[in-house]
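Okay, thanks everyone, let me get the model up on the screen. I'd like to walk through how the two chains meet.

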Amino acid sequence: MPQLDQILGTYASQIFWLLVVFGTIYLLIGKGMLPKVEQTIDARDRRIAEDLAAAELARVAAADSEHGWQDALEAGRNEAVRTTQTAKDAAAKASAIRLADVDAALHAKLAEGEAAVQKALASAQADLESVGAELTGDLVARLSGATITDAKISKSVKAVMGNA
Amino acid sequence: MAAEGGKIDPMHQFLVEPLFGNSLTLGGYNIAFTNSALWMVLTLVAIWVFMLGGMKRELVPGRWQAAVEGASSFISNMVHANIGPEGKKFTPYIFSLFMFILVANVLGMMPVGIVPNVHPFTVTSHITVTGVLAIVSFSMVLIVGFARHGLHFFSLFVPHGTPALMLPLIVPIELISFLIRPFSLGLRLFVAMTAGHILMKVLAGFVIGGLNAEAAWVAPVVGLPVFVLMVGISVLELLVCAIQAYVFALLTSLYLNDAVNLH
């Protein structure tokens, strides 16, 4: 096995070159290049973490503003409902008042009409009596030739019409 | 693969050979630039090129950058899970360890042997290399442990709720299991890579031997099944490459957790 057979002749060279090479690797690569690579990784991780935090913040802000918007919407809707209700109430009150006015006017008109009808009826009745009495006087005169006083005729006509 | 006289020596791949002569010395020690050193440098270059893809630092990563970030967050997550927030300062070391072992393992598996005179070399199949890595890890555990907890670090050998009667038995067991860690750490990787590469070379030797055999029946009866087996073993070895790198890094972070958090 050359590793053991040659060891006395080569150990110094092996150790020397190993220390030179490994020392160079340690200083140049381990101490020089590796930290830069690690910095790059750390910077990237930090940036990703920061971006995630910013995204989370933005998400919270968006949720907040959405909340506010919902609240505003709710308030607006309530306000609208209240306004509508007030307007509805006012309109109902106004219409009730107008209805009462119109009702009263109509009642007055109706009473007026009724009175006129009553009056017309009475005058018609009176006309009818006088016409009836005249007619009756004529009829009696033609049929019997007797002349009856107007007062008698009108009395009996009244009696007949009162029974009719 | 040294095919000397038709024979394939499965051990030749582990041979360390100087590439530019044997003359380079430092303080009396021979530190010649060998094929082993070359593959270490190639490992370094491969990791560096890989990591360059992570330097674009774009917010939305491309495939390459995503791969680099995946590898580094894999290790930093593992360190964080095992050591906790205080483990962050060990991430560069564990990452370097993981990447070095992984890339060295995988580079050793690369089929560059098809180019004449180019031999792949698996750095991590050498006990010298894995041993040094294990000793570095273990030293770190000791230094961090004693620096943070002082002599109180020895309470690591007394698990919670141990009856006083059991202490003479438990403490030596815990001590031995602690002291054995660098050996198991280094040997595990060394043995896994060595065994895997020997197995592959022996099987490859069967395939080539079967094709070269004088009897015609040997090639289909021996060569073909062994070749199919080799494909499977190669896939398994790639898995072992990743698992051994992961195990080394994971155990190092577990041991560091002992030192940092002390139970």
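**The A–B interface**

So, chain B and chain A bury about 4,000 Å² between them, with 74% of that on carbon and sulfur atoms; buried area here is the accessible area (1.4 Å probe) that two parts lose on being put together, summed over both. Keep in mind this is a predicted model: local features need pLDDT of at least 70, side-chain atom pairs count only at pLDDT 80 or more, and totals for chains, interfaces and linings use all residues. Residues are numbered from 1 along each chain as written, chains are lettered from A in the order written, and side-chain values use heavy atoms, without hydrogens or water.

Who's touching whom? Chain B puts in 50 residues and chain A 36, contact being heavy atoms within 4.5 Å.

How many salt bridges are there between chain B and chain A? There are 2, taking a salt bridge as a side-chain nitrogen of Lys or Arg within 4 Å of a carboxyl oxygen of Asp or Glu. One pairs R44(A) with E69(B), closest N and O atoms 2.7 Å apart.

On chain B's side, the elements giving two or more residues include α1 (35–52), α3 (91–109) and α6 (181–212); helices are DSSP runs (H or I, at least four residues), numbered from the N terminus. α1(B) gives the largest share, 9 residues.
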